[in-house]
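Thanks for coming. I have one structure to go through, so please bring it up on your screens.

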Amino acid sequence: MRFWAAAFLLSVSLFGERLPIQPLTTAQGLAGNSIKKIFRDSRGFIWFCTSHGLSRFDGYQFANFGEAQGLPGRVARDIIESRSGDYWVATSGGLAGIPSSGYAKIKAVYPGDDARSRNVFTVHESSEGTLWAGTEAGLYRMSKGSGLAKFDTGPLPETWNEPAITALQEDGVGNLWFGGYAGVGRISRDGRVTRWTPRHGFVSYVVPALYRDRDGTMWAGTERGLCRMRNDPEPGESPAERCYGREDGLPGLYIQAILRSSKGELWVGTVDGAARGHHLHDGALRFTSITSAQGLTDDNIEAVAQDSRGNIWLGSSDDGAMKLSSENIVLFGESDGLAEPNAIALFAGPRGTLYCVTRSNTNLHLHQFAGSGFRKLAVSLPASVRAFGRGLQQVALQDRSGDWWLATGDGLLRYSAAGSRTLQIQPRVYTRPNGPDGANVFRLYEDSRGDIWWSTSSRIVSTLGRWSRSRQTMEFFKEQLPLGAGVNPVSAFVEDKTGVLWIGFESGDLARRRDGAFEYFAPRRGSPGVRIRDAYRDGKGRLWFASAVGLWRLDDPSAARPAFRVYTRADGLSGEVVHSITGDFENRIYAGVEDGVDRIDPESGRVDHFSALDGLPAGVVQAAFTDRSGNLWFGTRRGIARFVPQAVSGGGGLSRVLITAIRVKGLERQVSAAGESNLSMGPLRAEENPIEFGFSVPESGGGADLQFEYRLEGAGNSNWVSLGSRRAVNFAGLPPGSYRIEVRTAGSEPATAAFRILPPVWATSWFRLSAALAAAGLIYASYRYRIHLALEREQLRMRIATDLHDDIGSNLSRIAIWSEVAAQEAGRSGGSPLKPLVQIGDVSRETIDSMSDIVWAVNPRFDRFSDLASRMRRYVSDLAAGTKIRIAFAVQGEDRDAPVGPAVRREVFLVFKEALNNVLRHSHCSECRAALSLESGWLILTVSDDGTGFHPNQRGTGNGLDSMARRTKRLGGMLRIDSAPGSGARIEMRIPRSAGDRAWRIKSLHT
């Protein structure tokens, strides 16, 4: 009780002193400097509604959401977390629904179609799950599964024509209160609406804020003060039970924000500053103002909130946010009486008076704490003292008799008690031979018997000595300890609860003096091993040692072989080097580190870090001390901080790590705005590398001291890998496979993300199977093609042989027959061989033409469409010379160099010859037209005349038409004959060109 009473009295006086306020603005990452609302969600994130969007803060860095991310308006004014865990944000362009998990995007909901209804000031979810929105155009309601609908709040009172609703709050019995610019109103659970204005006894028309207290009490912030509302005002009765103003300690009357803190304090934000309300012994509520005089960067406070660590956040109208530490930290510097800011020692005298030693290159100063600041004590230093040493912490003390002892660079000084002017008389200087051998006195300590222990450090020799109170003489311990020459001075003293003295060395070794003898513990026997900087005994008798390799705890100092428990970064410390130690009345340990203080709870293992972000002076905490009232004092090179710790709160340990960002090949992937603790991603393509995960621990306070580690399952090594303070891990070039990453920090549950990287297309089984099938198909197609070519050559040989046999052989037989006829005619008397010789000549010419056709068909030089056209044109020219029929031949088609194989050329040409011969022999026409063309995949031959025509179904004895049909079919084409008696005739031959000349050749093999 003594501790908490002292803490409360101290906290009341804090606000007359300089507060450690940490400002946060756009320079630190806020979306905007005009703060409309500050809200802490269930995960520990702090959300800031600003004039330029929404900001999420995890204590370390900001993530911002604006119109580009889906907010319907630029200005964010209010935010709530619904019962489902999702968020609703009131903006200047409508409501925004932000999902708390999954990959869904921000959803915009518009109360109405006009600009006034879309200008949303506040949003509230009732206990029944109904969503309410206060807009410039009035009140809107959205039940589950439906859109927003206008709610009739009745006619506006008097002649005031301003329907805007700026504040909404549900009381303890389910009534919804609303405020705006037309007084305050209440919607009862049965739907009845009641309004109050100054004409109804209320103090104000303007109600910017409404707040329900823990006991159900409704508070209204107005332009004329803070009002505590009645639970159920009678008709005609003012709804305000009591209103508070400047006479109650408020800095201003225009109330914009209200909050009840976890300590029971009522915080209020006004246009003239913030105020903290506390209840006096008689129950009266009294406020203490906090303005720019106490360190606020802006007095116009529009938002108040509290984070999970108890810190108070204030949002200003123009200068960003400010954080007030819950630990009640107060800073002291030169303006508070310190002669120098470099505080090297903090300690108490026999009566509990707090003292501080500061040091510069040219002087040493002693100060006494005087309640609200420090008072410098006049100290008379002898002329022989010209240096002030390098010792820290245990460099000065006032012993039980009132004598003062000071360590300097030129000996040990003792000021005998002589009233109030003790330090102003000349001291006794102890040097050799009756004092320290070395000039630089390094540490001082008074043990439980009143003896004064001292050590020195120099490049020549390090010594240990004791001034015995009982003998009033100096004793030296030169031979009993391996002090070394200038490299291993004694650097810390502490007694255990049995009065046994423990001594720490700069080498990291330890010694215990028990029963008049020293026991030495070398590093191999369990001592810390690297430089002992400070020592402390807690309320449970445990010894703690600050070293350059962590914090060491000794639970049983009386053990024959002491066993140490070490705390390092792996246990949550912000750094390995610990400079100073102290503890509070709840046996939590405070370790001074490079950039602040680590608080360790030995029972739960929880480690909290406090730094300049929490109001401590920046830099190394080189001295630490706990006074009789339980206040913690920390000395730094930039001044002193007084720290009033909070009581132990439940739940020890940090909240879980959350994954807050994913980037694939540098591009952001959608992640819930609330972060994800267990994420399952969709498959990633092989080329989607690298992949990066960002994460945070929102309830940790977010300091840069947090140490993260990760492990990646599926990569062949599942060991934990340290990330240090980095809040992102990047993987590049991961091979295909399934992976699961876990990220954690000391005391927190890990976040996990599962993802799968697909193999490249060429490495998939289906691709390999397809490739194998394709290769087999190509081999088979190649084989078939070679077979087809062989068959084609064979068939071509057979056709040539057939042609030679049929045409050439037949002609030669005819020649032989006609030769015999000619011989017989010549043998007869009077016979004439003229006619047989003529026949022989005709048959010979036909044989020459047939041979020419066969040779042209098999010659590879003529395998183009243009060669076929040229051959047909020459044939037409030769034919036209011996007839009176006008024969016209046309060639069409752009691809004149298209390949045409020998089989196709021969068949087409023979059909062409047959058709023209039929025209000349049978048509009796005067004109014949022939054409050859390439059109959209077809080779087309047409021959037409204007002769007598015929019935296609009543053919003569010849086989010319049948021969043309067979040749066309052999090529996979179509032959069409159009004719009628007296109407001429038209023959059209169509051969497919789907696969070029090779396809024609292959098709010809199947006939």
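Which backbone nitrogen lies 2.9 Å from a polar atom of the side chain of Asp451? That of Arg469. Keep in mind that this is a predicted model.

Let me stay with Asp451 for a moment. Setting aside neighbours within four places in sequence, the contacts of Asp451 are Tyr445, Glu446, Arg466, Trp467, Ser468, Arg469 and Ser470.

In soluble globular proteins, nonpolar side chains tend to be buried together. Here the largest nonpolar core has 37 residues, and the members that touch the most others are Val908, Phe912 and Leu932. At least two residues each come from helix 5 (865-880), strand 66 (886-892), helix 6 (902-923), strand 67 (927-935), strand 68 (938-945), helix 7 (960-970) and strand 70 (985-992). Helix 6 contributes the most, eight residues. As for Val908, beyond neighbours within four places in sequence, its contacts are Leu868, Leu939, Leu941, Leu971, Met989 and Ile991. There is also a second, separate core of 28 residues, with Tyr355, Leu397, Ile452 and Met474 among them.

Last, the surface. Val761, Trp762, Trp766 and Phe767 make up a nonpolar patch there, and together they have about 480 Å² of accessible area. Phe767 sits in helix 3 (residues 765-827). With a relative accessible area of 32%, Phe767 is partly exposed.

Notes: Residues are numbered from 1 along each chain as its sequence is written. This is a predicted model: local features need pLDDT of at least 70, side-chain atom pairs count only at pLDDT 80 or more; totals for chains, interfaces and linings use all residues. Side-chain values use heavy atoms; hydrogens and water are left out. A polar contact is a pair of N or O atoms within 3.5 Å; within protein, one must be able to donate a hydrogen and the other to accept it, and residues adjacent in sequence count only if both atoms are side-chain atoms. Contact means heavy atoms within 4.5 Å. Patches are made of residues with over 30% relative accessible area and no salt bridge: like charges are joined within 9 Å, nonpolar side chains (Val, Leu, Ile, Met, Phe, Trp, Tyr) within 5 Å. Accessible areas come from the Shrake-Rupley method with a 1.4 Å probe; for residues, only the protein chains shown count as cover. A salt bridge is a side-chain nitrogen of Lys or Arg within 4 Å of a carboxyl oxygen of Asp or Glu. Helices (H or I, at least four residues) and strands (E, at least two) are DSSP runs, numbered from the N terminus. Buried means under 20% relative accessible area, exposed over 50%, partly exposed in between (1.4 Å probe, protein chains only). A nonpolar core is a set of buried Ala, Val, Leu, Ile, Met, Phe, Trp, Tyr and Cys residues joined through side-chain atoms within 4.5 Å.
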